[in-house]
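Subject: Structure for you to look at

Hi,

Here is the structure I promised to pass on. Have a look at it first, and then read on for what turned up.

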Amino acid sequence: MPGSQTEGGPVLDVFIRQAGYEQDQSRISGIRLQVKPGGLTGLIGPNGAGKSTTIKAIIGILPFADAVIAFRGGKGSYAYVPEQPVYYETLTLWEHLALAAAVNELPDEVWVPRSEQLLERFRLEEAKHLLPGGFSKGMLQKMMLLIGFLSKPDVYIVDEPFIGLDPRATRDFLSLLNEERERGAGILMSTHVLDTAEKICDDFVLIDHGRMAAEGTLDDIRGLCGRPEASLFDCFDLLT
Ligand SMILES: Nc1ncnc2c1ncn2[C@@H]1O[C@H](COP(=O)(O)OP(=O)(O)OP(=O)(O)O)[C@@H](O)[C@H]1O
């Protein structure tokens with residue numbers, strides 16, 4: 001069962017017995033994972049394996065989930081960055097930030113300078129007062145990340161952040177993520193970009209057909225494959 005919620009324990013502790021989109025139609029089962037403070041756990045697996053479903057079970061938006069989800073201290077301060085951008089056609093980028101600030105009860109003196117900084121960091125200043133309907137895929141992805149970073153949560157839950165980001169945006173995103181990890185935030189990130197995941201993640205949960213096929217550090221997973229020199233991609237290939 002998920003363990004303690006004490007200081008020094010995981011920021012996120014998950015056990016999903018079963019979950020899915022319809023009652024009694026389980027899509028994922030037996031998923032256990034923990035995210036440590038300052039840690040980055042990679043959720044990997046083939047298309048349709050159940051990564052997004054796992055994330056939806058964690059944040060509580062699945063119609064059916066038999067699961068125990070514990071955030072440190074029970075507070076549950078997390079930011080979810082979805083794979084598909086979600087936005088309001090009639091609100092500008094700045095109005096989206098204002099709305100996210102209001103939802104998170106951030107005072108003006110906190111969210112306004114932080115938003116300005118994030119816009120500069122993600123090179124979106126010129127889009128500040130534009131409607132997102134005309135944004136490119138990468139700009140929408142950046143907007144989702146910006147909203148996530150605004151609230152400085154204990155846990156980031158990020159579903160495939162790299163698709164659509166150009167190399168510079170990827171670098172900016174990773175450096176911001178590192179700053180947040182230094183602050184003690186933990187990150188659960190689903191991705192198919194395995195060469196990047198191999199470089200940045202502390203540990204991995206490999207999902208296949210709705211179940212955990214492997215977990216642990218890259219060395220743990222290499223051990224499981226019996227291939228001490230293998231890349232994450234090679235292990236992925238062998239185990240799925
Ligand atoms: N809204 C939905 N309603 C019903 N079934 C769904 C829904 N979304 C996903 N599924 C099913 O749940 C299973 C797991 O899908 P999921 O989206 O979690 O996979 P994934 O690992 O995130 O895949 P990908 O890498 O392609 O994003 C699949 O069989 C999929 O068809």
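One definition before the strands: two strands count as paired if DSSP finds at least two bridges between them. Also keep in mind that this is a predicted model.

On to strand β9 (residues 211-216): β8 and β9 run antiparallel and are joined by five bridges. Here Asp208 is partnered by Arg211 in β9. The two strands make a hairpin with two residues between them, and His209 in the turn has a positive phi of about 50 degrees.

Leaving aside residues up to four places away in sequence, Leu206 touches Ile44, Gly45, Met212, Ala213, Ala214, Glu215, Phe236 and Leu239. Leu206 also belongs to the largest nonpolar core, where it is listed with Leu146, Leu150, Val155, Ile157 and Ile187 as having the most contacts inside that core. The core has 64 residues, and its largest share, eight residues, comes from helix α4 (residues 137-150). At least three of the core residues come from each of domain 1 (1-77 + 153-240) and domain 2 (84-152). As background, nonpolar side chains in soluble globular proteins tend to be buried together.

Now the domains themselves. The protein chain is divided into domain 1 and domain 2, with their C-alpha centres 25 Å apart. How many residues of each are in contact with the other? Ten from domain 1 and eleven from domain 2. On the domain 1 side, helix α5 (residues 167-183) gives the largest share, four residues. That side is made up of seven nonpolar residues, one polar and two charged.

Last, the ligand. Which residues surround it? They are Tyr21, Arg27, Gly45, Asn47, Gly48, Ala49, Gly50, Lys51, Ser52 and Thr53. By type, this shell splits into six polar, two nonpolar and two charged residues. Gly45 ties two parts of this email together: Gly45 is one of the residues around the ligand, and Gly45 is also touched by Leu206.

Cheers

Notes
Residues numbered from 1 in each chain as written. Predicted model: local features only at pLDDT ≥ 70, side-chain atom pairs only at ≥ 80, totals over all residues. Near = placed C-beta within 6 Å. Nonpolar A, V, L, I, M, F, W, Y, C, P; charged D, E, K, R; others polar. Core = buried A, V, L, I, M, F, W, Y, C linked by C-beta atoms within 7 Å. Buried ≥ 20, exposed ≤ 12 C-beta atoms within 10 Å, placed from the backbone. Domains from an automatic or database assignment. Contact = placed C-beta atoms within 7 Å.
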